[in-house]
Protein chains: 2
Amino acid sequence: MSTASGKKNQRTYRRVAQKMLKALDSGQFPAGARLPPERELSERYGVSRPTIREAIIALEVMGRVEVQTGSGVYALKSFQTKSDNPREYSPFEITEARVLIESEAAALAASTMTEAELTELEGALKEMIEENDSGNLTSEVADRKFHSVIAHSTQNRPLINVIQHLWDIQANLPEIKTAHQSVCRTDGSKRIEEHRAILNTLKDRDCHAARVAMRNHFSRSLDALHTTTEERAVEEVRRQLNERRERFSLSRIQYTSKPESI
Amino acid sequence: MSTASGKKNQRTYRRVAQKMLKALDSGQFPAGARLPPERELSERYGVSRPTIREAIIALEVMGRVEVQTGSGVYALKSFQTKSDNPREYSPFEITEARVLIESEAAALAASTMTEAELTELEGALKEMIEENDSGNLTSEVADRKFHSVIAHSTQNRPLINVIQHLWDIQANLPEIKTAHQSVCRTDGSKRIEEHRAILNTLKDRDCHAARVAMRNHFSRSLDALHTTTEERAVEEVRRQLNERRERFSLSRIQYTSKPESI
DNA sequence: TTTTAATAATTGGTAATACATATTGGTCAA
DNA sequence: TTGACCAATATGTATTACCAATTATTAAAA
């Protein structure tokens, strides 16, 4: 209850800092990104600029952001990725790790989720639907928000951090991105339905059903990943073929002046 | 900067917070003492009230002071900083995160484990038995090796990394250490049996049983943690009582010369 | 093309003010 | 004397408005 969100009598800077912390965790401001200027934040959160400054200082002391005078406030990475070489991970590994961990998080969240968080989830779902309708396929913010809210509802900070970390890694993998776009393009509505199913199990506080729903969701993601990886493989072969053909023709054209040396 | 007290180009709130930190460390404001009001501090340090507020918030986030609305700012004990420091996780959180993740890792390992890895596990178990017999209670190397082999057998590098990371964190928590020592001292053989049970389920390639066995193992760790935490709490109360008694006797001795004025 | 100066954007910091809450002290009645 | 209530005071909370200092961007000049 010490860290619970009894926001009524809490001081404003704490309330704001909590919200900004969630925004940071949800990937709204990835590491290195510049946050909006103080004045804009003060409008967004409906508080004065000094209060925003206080919240930013709190985040700064927590080591989550860095303030550069005259330039802006920048998000730092929250999870010290020591000798963690994210580039070496395959998208399948990441997804497998995520399915294991996030399914358990969902199961736990089924018993810890508050009404406010359920409302947040519905909001994220709504955003997802809007993104889907508007044809915005590149954005994953609503998706990430959805998963982030579930993670936060467990109130287990190491777990939140781990989930966030895995998302950060996968966000940098191009295969994941194309797979995500592909699944949005071909089965957008189905994907929405999966998220809604998860939401419903959480509403019912059915931890077993939540685990299953989350697993189903990921298993579809994994399928999409397999499919697009296959497509990419075919595409790659074709590209290499074309490249070879082009180089061959180029070499013939330039042969009289200078041979290619690469 | 035109101000004479130019300490590099650091921001004012940091400069002030450093000074106040020094004052706290020097015992100028012992634990529980009330700091001067904001208005007075702003005069003393020659800065405006908002800046003083910023410095106080920094100290608050660092867990050095506590602010009570309408009453004042109070110094806290420099060690008892568990309020909101996100870097420091509670041992319960860590253990909860581990039980979720490592149980799934065990379930996965049940199908991926090789014969060589099973042999390694048996070796780790043997080491654990030897450690237990020799009365070496502080070492956790065999325990860690056991869990590490299971993690590695999943061949999922992100998962391995996460498990490693959580172990690194918990290894630095004193509560975990004492709990581990306690469980080794009181129920060493039972702990060995739990590990053997996990090993057996992996030999049988029974992923469900592996998950359950791992959960059981952790649930016992959690119990031990609860117990030792309780013991520590009792110890703390006893210590404080003794401290008070000592102080009381001192005041009686000094009463003839000077009455205590607190 | 590179360098430099002007301009805009952004954080840094202060002052004055109003408000909310906790503490204090005093009055009055039982 | 004791207890309860109430008003005054002290203290933190938060806002608005303003200007200064620093950095980033752009345009002009060499």
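Colleague: On what basis are residues, chains and values given?

Modeller: This is a predicted model, in which local features need pLDDT of at least 70 and side-chain atom pairs count only at pLDDT 80 or more, while totals for chains, interfaces and linings use all residues. Residues are numbered from 1 along each chain as its sequence is written, chains are lettered from A and ligands numbered from 1 in the order in which they are written, and side-chain values use heavy atoms, with hydrogens and water left out.

Colleague: In what order do the elements of chain A run from the N terminus on?

Modeller: Helices (H or I, at least four residues) and strands (E, at least two) are DSSP runs, numbered from the N terminus. Chain A has nine helices and two strands. From the N terminus on, the order in chain A is α-α-α-β-β-α-α-α-α-α-α.

Colleague: What percentage of the residues of chain A count as buried?

Modeller: Buried means under 20% relative accessible area, exposed over 50%, and partly exposed in between, with a 1.4 Å probe and protein chains only. Chain A has 262 residues, and the proportion that count as buried is 44%.

Colleague: Among contacts in chain A between residues at least 6 apart in sequence, what percentage join residues at least 24 apart?

Modeller: Contact means heavy atoms within 4.5 Å. For contacts in chain A between residues at least 6 apart, the share joining residues at least 24 apart is 73%.

Colleague: How are H1(B) and H3(B) oriented to each other?

Modeller: Axes are lines fitted to C-alpha atoms, for helices over the stretch in contact, and angles run from 0 to 180 degrees between N-to-C directions. Angles under 35 degrees count as roughly parallel, over 145 as roughly antiparallel, 65 to 115 as roughly perpendicular and the rest as oblique. Helix H1 (residues 12-25) and helix H3 (residues 49-61) of chain B pack at about 55°, with axes 8 Å apart. The orientation of H1(B) and H3(B) is therefore oblique.

Colleague: In which hand does H1(B) pass H3(B), and how do the residues of the contact divide?

Modeller: A crossing is left-handed if the near helix is turned anticlockwise from the far one by less than a right angle, and right-handed if clockwise; that of H1(B) and H3(B) is right-handed. The contact includes Val16(B), Met20(B) and Leu24(B) of H1(B) and Ile52(B), Ala55(B) and Leu59(B) of H3(B). Ala, Val, Leu, Ile, Met, Phe, Trp, Tyr, Cys and Pro count as nonpolar, Asp, Glu, Lys and Arg as charged, and the others, Gly among them, as polar. The contact residues of H1(B) with H3(B) comprise 11 nonpolar, two polar and one charged.

Colleague: How do the residues of the contact of H3(A) with H3(B) divide?

Modeller: Helix H3 (residues 49-61) of chain A packs with H3(B) at about 35°, their axes 9 Å apart, in a right-handed crossing. Arg53(A), Glu54(A), Ile57(A), Ala58(A) and Val61(A) meet Arg53(B), Glu54(B), Ile57(B), Ala58(B) and Val61(B). The division in this contact of H3(A) with H3(B) is six nonpolar, no polar and four charged.

Colleague: Which residues touch the most other members of the largest nonpolar core?

Modeller: A nonpolar core is a set of buried Ala, Val, Leu, Ile, Met, Phe, Trp, Tyr and Cys residues joined through side-chain atoms within 4.5 Å. Ile150(A), for instance, touches residues including Ala105(A), Met113(A), Leu121(A) and Met214(A), not counting residues up to four places away in sequence. Of the 80 residues in the largest core, those touching the most other members are Ile101(A), Ile150(A), Leu202(A), Ile101(B), Ile150(B) and Leu202(B).

Colleague: Is Ser42(A) buried or exposed?

Modeller: Ser42(A) lies in helix H2 (residues 38-45) of chain A. Leaving aside neighbours within four places in sequence, Ser42(A) contacts Val47(A), Ser48(A), Arg49(A) and Ile52(A). With a relative accessibility of 12%, Ser42(A) counts as buried.

Colleague: Is Gln155(B) buried or exposed?

Modeller: Gln155(B) sits in the loop between helix H6 (141-153) and helix H7 (157-171) of chain B. Its phi is near 60°, a positive value in a residue other than glycine. At 61% relative accessibility, Gln155(B) is classed as exposed.
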